[in-house]
Protein chains: 2
Amino acid sequence: MLSKNKIKYIHSLALKKHRSEDHVFVAEGPRLVGELLPVFSANYIAATREWADDNASLLQRIGVEPDIVTPDELRKVSSLETPQQVLAIFQQPEHQVDACQTIADSLCLALDDVQNPGNLGTIIRVADWFGITDIFCSRNSADVFNPKTVQATMGGLARVRIHEVDLPELLASLPAATPVYGTFLNAPSIYSSELTSTGLIIMGNEGRGISDAVAAHVYRRITIPNYPEGSPTTESLNVAIATAIVCAEFRRPLTLDSRLQ
Amino acid sequence: MLSKNKIKYIHSLALKKHRSEDHVFVAEGPRLVGELLPVFSANYIAATREWADDNASLLQRIGVEPDIVTPDELRKVSSLETPQQVLAIFQQPEHQVDACQTIADSLCLALDDVQNPGNLGTIIRVADWFGITDIFCSRNSADVFNPKTVQATMGGLARVRIHEVDLPELLASLPAATPVYGTFLNAPSIYSSELTSTGLIIMGNEGRGISDAVAAHVYRRITIPNYPEGSPTTESLNVAIATAIVCAEFRRPLTLDSRLQ
């Protein structure tokens with residue numbers, strides 16, 4: 001059963017201010033919560049009797065006693081149109097990484113003010129699919145712990161680390177030879193560009209693309225050509241869609257690689 | 001100025017039933033309305049004085065006298081969080097095509113019960129980018145004239161034709177040699193498959209993928225491998241994301257083509 005105070009507290013976490021103060025975030029649904037529970041620390045779980053019974057051994061292992069709730073009670077605290085069996089409050093993870101080393105060792109993403117929480121969550125899901133485990137977000141990007149972002153990651157948050165950074169500063173600190181890619185509407189085709197297996201791929205804001213302060217550090221500009229090239233079309237691709245096409249191209253099986261050497 | 005009746009009428013068009021009865025749909029914002037106005041017949045336009053002045057010659061050409069409204073009035077009828085200068089009611093286009101001929105002559109998409117209006121709109125935007133001009137939707141797919149779909153197309157609706165069909169029936173009617181592709185979670189990699197420049201690519205429902213009735217007609221099964229292959233990852237990609245990666249791969253510049261022959 002849910003106390004009035006608990007309902008009020010969960011509602012308060014819709015605001016970034018309150019999530020940040022307590023270093024927590026909310027996740028819902030059996031699949032998402034199931035993926036996050038083994039990875040992040042859960043402070044609180046509200047669940048139906050059915051979910052709690054199905055996950056009894058997991059709950060015992062992590063040592064959390066869930067609040068057993070009815071579907072109607074769950075609806076009162078859920079941010080979903082159709083609440084689903086379980087809602088959990090997790091502690092926000094803190095990832096300390098050496099950014100330069102991480103970018104030297106692996107392929108990473110950077111987001112320059114991606115504003116839409118759903119786009120950010122979808123990008124995390126895409127990164128997860130393509131084995132990209134670190135995303136560097138500019139300070140004006142959407143909050144990764146926004147409920148819409150968390151839900152859209154479909155569990156990707158369990159495997160992808162998000163780092164909030166001063167992006168121009170990070171770029172200035174990278175060794176000169178670091179491959180830094182940026183997507184622009186007018187640039188050489190990604191299909192005729194040399195694509196490396198380490199480095200940084202920068203995606204821009206939904207409306208204005210990559211900012212000048214960030215673009216100044218991008219020496220490998222790429223674009224996704226439309227088809228047939230130059231034909232009338234929509235002005236651009238959605239940023240999560242563009243991220244997916246770019247990541248797929250970087251991760252193409254190398255045995256079939258046709259890239260220009 | 002907006003009459004009470006007009007406000008009530010525009011609100012009623014949030015429901016498919018009312019849109020279908022009148023064969024109309026609603027689009028908002030200067031960019032989207034600007035792309036649709038030269039292509040579709042507008043029955044009604046509500047616009048700010050600024051937009052009407054900027055588009056005076058276009059309005060004269062199409063012979064529509066807009067209702068001049070204040071931003072506050074526009075807010076009353078808008079389905080957007082931030083209403084934008086203009087709202088138009090268009091007649092639904094009716095496209096009569098010979099499906100078999102169209103699929104024989106060009107690369108087309110088919111959607112098997114894609115349910116989310118935003119996904120459908122994003123898929124139309126992707127199709128537009130990649131020069132795919134015909135999409136065949138199963139009867140249980142989201143309504144293409146849902147406001148969320150229309151807005152997400154970003155104008156793609158002006159260049160992509162959507163056909164509601166009985167999908168298993170259409171597939172049964174295609175000549176045996178027609179290349180019919182379907183995306184599945186377990187199938188040969190798209191990177192080792194022969195990809196043709198005509199034919200049909202089928203994308204499945206968000207939750208259950210391609211239905212058995214449709215899958216029975218798919219002889220070219222493909223998948224987008226995750227990276228590294230077989231590593232733990234999110235269960236699947238979002239359907240609009242998967243559509244984008246697949247379309248990009250079909251439309252790769254042929255000069256750099258590395259496909260197995």
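Modeller: What follows is a series of questions and answers that set values against definitions.

Modeller: This is a predicted model, in which local features need pLDDT of at least 70, side-chain atom pairs count only at pLDDT 80 or more, and totals for chains, interfaces and linings use all residues. Residues are numbered from 1 along each chain as its sequence is written, while chains are lettered from A and ligands numbered from 1 in the order in which they are written.

Biologist: Why is strand E1 of chain A called largely enclosed?

Modeller: A residue is buried if 20 or more other C-beta atoms lie within 10 Å of its own, exposed if 12 or fewer, and partly exposed in between, with C-beta atoms placed from the backbone. Strands (E, at least two residues) and helices (H or I, at least four) are DSSP runs, numbered from the N terminus. Five of the five residues of E1 (residues 24–28) of chain A are buried, so the strand is largely enclosed by the rest of the structure.

Biologist: How do you know that both faces of E1(A) are covered?

Modeller: In a regular strand the side chains alternate between the two faces of the sheet. On one side of E1(A) are A:Val24, A:Val26 and A:Glu28, on the other A:Phe25 and A:Ala27, and all of these are buried.

Biologist: What makes E1(A) and strand E4 of chain A partners?

Modeller: Two strands pair if DSSP finds at least two bridges between them. E1(A) and E4(A) (residues 86–91) are joined by five bridges and run antiparallel, with A:Val26 opposite A:Ile89. E4(A) also pairs in the antiparallel sense with strand E2 (residues 42–47) of chain A, over five bridges, and there A:Ala46 stands opposite A:Leu87. E2(A) is joined in turn by two bridges to strand E3 (residues 67–68) of chain A, and these two run parallel.

Biologist: What makes E7 and E10 of chain A edge strands?

Modeller: In chain A, six strands form an open sheet in the order E7-E6-E5-E9-E8-E10, with parallel pairing. Strand E7 (161–165) and strand E10 (220–222) of chain A each have a single partner strand, so one side of each is left without a neighbour in the sheet. Within this sheet, E5 (residues 107–111) and E6 (residues 134–138) of chain A are joined by three bridges, and A:Leu109 stands opposite A:Ile135.

Biologist: How is chain A divided into domains, and how many residues of domain 1 are in contact with domain 2?

Modeller: Domain bounds come from an automatic or database domain assignment, which gives domain 1 (4–91) and domain 2 (99–256) of chain A. Two residues are in contact if their C-beta atoms, placed from the backbone, lie within 7 Å. By that rule, 13 residues of domain 1 of chain A are in contact with nine residues of domain 2 of chain A. Helix H2 (16–22), E1 and helix H3 (30–36) of chain A each supply at least two residues of the domain 1 side.

Biologist: How many residues of each chain are in contact, and which elements contribute?

Modeller: In this case 35 residues of chain A are in contact with 35 residues of chain B. Helix H8 (117–129) and helix H12 (239–250) of chain A are the elements that give two or more residues to the chain A side.
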